[in-house]
Amino acid sequence: MGLWTRYIALLLVGGLAALAGAGAAAAQTVVGVTATEIKIGNTNPYSGPASAYGTIGKALGAYIKKVNDEGGINGRKINYITYDDGYSPPKTVEMVRRLVEQDQVAFVFQTLGTPTNTAIHKYMNQQKVPHLFVATGATKWNDPKNFPWTMGWQPNYQAEGQIYAKYVLKNVPDAKVGILYQNDDYGKDYVKGFKDGLGDAAKKMIVSEQSYETTDPTIDSQILNLKSSGANVFFNVTIPKFAVQAIKKAHDIGWKPLHLLNSVSSSVGVVLKPAGLEAAKGLLTTYYIQDPTDPQWKNGQPYKDWLAFMKKYYPEGNIDDAFNVYGYSVAQTLVHVLKQCGNDLSRENIMRKAASIKDLTVPMLLPGIKINTSPTDFAPIEQEQLAKFDGERWVLFGEIYGASKK
Amino acid sequence: MDSRAGEAKAAKTGAGQAAAVVAQSHATALATRPVGVTTLLVVLAAAAMLPFFVSGFRLFQFTQVLIYAIALLGLNMLTGYNGQFSLGHGAFYGIGAYTTAIMIDRWDIGYGWTILCAGMVCLVVGFLFGRPALRLEGLYLALATFSLALAVPQIFKYFEHWTGGSQGIVLSKPKAPFGLRLTEDQWLYYLTLAATIVLFVLAWNLLRGRVGRAIVAIRDNHIAAEAMGVNNALYKSVVFGVSAAYTGVAGALSALAIAFVAPDTFDVFLSITLLTGIVIGGFGTVSGAIYGALFIQFVPTWAQDISKAAPWAIFGALLILFMYVMPRGIAGFLHLVWIRLTASAVSREQGR
């Protein structure tokens, strides 16, 4: 027993001594920046169920290589560190902590996914590390008051909802709107944006709201309800699986409203073909980025530049994949911010410059769309154009619509 | 395993020498006990001091190792000791995590209680699942538990009012109590370490005595066990419950450590990862849970550092290599090394 007590005493003494010394924090200087380098971090799902998105992380890396080959930014090369999180929030937390605490990056950029970013949202803001241009459409990234270190990039669901509302107000004066939405944050975001966009007219115009759960087997009864409500405009806020059902069912029962399909489900291959191209004719959706398969862009300089970039820096990437256009465009936005920072690459200044983008044009966005941010507006892209499905492809038409700034 | 190796040796060398061999292995056990205790205490002391020598990020990783170790120990009781295969322990991990998250988020209950409740909920769910699963053997049980792993994430999404649906639930990390000057990471580590020690001691006590022998007997030959008076049905469902409870506690701790739960975290891949952990760590051993946890925590990341292009191919190759070099897991391998070392030390002392 003597041996035991001695061990335990030793443990206790050691523990107490260590406790007393704890709590010391290192002083912060400009983390992740030297005279020749700026270190930035990223996570992407290179493996797992969402690995189709992984090409975004690779396209970002390819564009940064191009920037470095051309001399970097203000004499600094960008050291881009990207880790696989498999779209699993615990892995994202681990990898982002590794980036911030071990690799000591200046900031984290374009982390992908809504649940994954939710898991690190608080952490980034507690650590006061910029969490820039996250790759998700949720509206919560635009909350500068509570989360001053996090910023989105693509149009969020509310902004898109507002844009459909503006179109309806302008073009369908006698609109009676039926809404089908997924009963979660994503669906409610769209509906909120849509109602905000309609403003006072919302009460009068919306005649029926139907929701579904992702676990529902079908949404047939919701579609029947919407038809019998007499709606002549159908705002369809569904994920691909249910979008297919909704388009098919509406066609089968002979309901022919003005059908607004959220861009989440605008894929021709995944949604419209399975639903039937005939049934999908006349659908409307929104676009903000040039679709690389759309022939109208092929002769433009932006597309040619992008293609040259893909050939040289990311030859294994798929040139039909819009995600590669997306990654290219986000990287260009980032380069703009870093150039604006000049030699002051402190985290505060990076955030300041990211929050003061004025009318930035990014070549592969649709012509006329401009990026704007301010200290109270952390939603960079809030403009989109509508497109109509002609039975074969989406055809852009009309003006660029903008969500109203708050 | 000691005695089995001894028996094999005895059969080879002839019955006459058997007694001598048994006597020697007794001598080895006696001579090495202080060494074993010392090793254990050194490891414990190192674990207790760790927070003051590593960064917050590393500490977070080691907290995850401990959490995995608890889950692996639970699974090992069921699969390694009792011979019931589970491809669905990720589901219990998830149920534990959600129990904690919902209790904190909805009712603002102290996180310490929620860990206990997570264990209790999983004990009951595991026991109830174990009852009908009694009729299923081997592969069929594996399939039944697999279906559990598939179903549970969707069930979490379905009860959106409670679980927050696919958006999950965001929590805050618990702060150190009693005015201790510990960071959140350090406190979580100690909390997890304490839970790990308690649960390991309990498991060790359970498995080495009469109950443990009955559990193993059911695995080795359930008819013989029944004939010896072991209540197979009861034992199997209780082991299922206890195993689920361990995994549930691990899930609860992980919810606190990550401070976020989302349904798709607890997918089939997690269940398979846990199974990988017990096989690599050492099937049917207590210490194997720690080695397995170290493996599933660190090796995938190393694989990623070795090759960005094909980390899972590297991981797969490592798995095969481990299986080839250490067919009885890391625990079995270390045990073998230990026996070789101590046996030669003892025979030197005895002047043979």
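**Reading domains, sheets and an interface**

Me: How far apart do the C-alpha centres of domain 1 and domain 2 of chain A lie?
Reply: The C-alpha centres of domain 1 of chain A and domain 2 of chain A lie 31 Å apart. Domain bounds come from an automatic or database domain assignment. This is a predicted model, in which local features need pLDDT of at least 70, side-chain atom pairs count only at pLDDT 80 or more, and totals for chains, interfaces and linings use all residues. Residues are numbered from 1 along each chain as its sequence is written, while chains are lettered from A in the order in which they are written.

Me: Which residues belong to each domain of chain A?
Reply: Domain 1 takes 31-155 + 288-375, and domain 2 takes 157-287.

Me: How many residues of the two domains are in contact?
Reply: Two residues are in contact if their C-beta atoms, placed from the backbone, lie within 7 Å. Eight residues of domain 1 of chain A are in contact with seven residues of domain 2 of chain A. On the domain 1 side, five are nonpolar, two polar and one charged. Ala, Val, Leu, Ile, Met, Phe, Trp, Tyr, Cys and Pro count as nonpolar, Asp, Glu, Lys and Arg as charged, and the others, Gly among them, as polar.

Me: In what order do the four strands of the open sheet in chain A run?
Reply: Strands of a sheet pair through backbone hydrogen bonds, either parallel or antiparallel. Here the order is 2-1-3-4, with parallel pairing. Strand 2 (77-84) and strand 4 (131-132) of chain A are at the edges with a single partner strand each, so one side of each has no neighbour in the sheet. Strands are DSSP runs (E, at least two residues), and helices are too (H or I, at least four), numbered from the N terminus; two strands pair if DSSP finds at least two bridges between them. Strand 3 (residues 107-109) of chain A pairs with strand 4 of chain A over two bridges, and A:Phe109 stands opposite A:Leu132.

Me: Are the faces of strand 9 of chain A buried or exposed?
Reply: In a regular strand the side chains alternate between the two faces of the sheet. A residue is buried if 20 or more other C-beta atoms lie within 10 Å of its own, exposed if 12 or fewer, and partly exposed in between, with C-beta atoms placed from the backbone. In strand 9 (residues 284-287) of chain A, A:Leu284 and A:Thr286 on one side and A:Thr285 and A:Tyr287 on the other are all buried. Strand 9 of chain A pairs with strand 10 (residues 383-389) of chain A in the antiparallel sense over four bridges.
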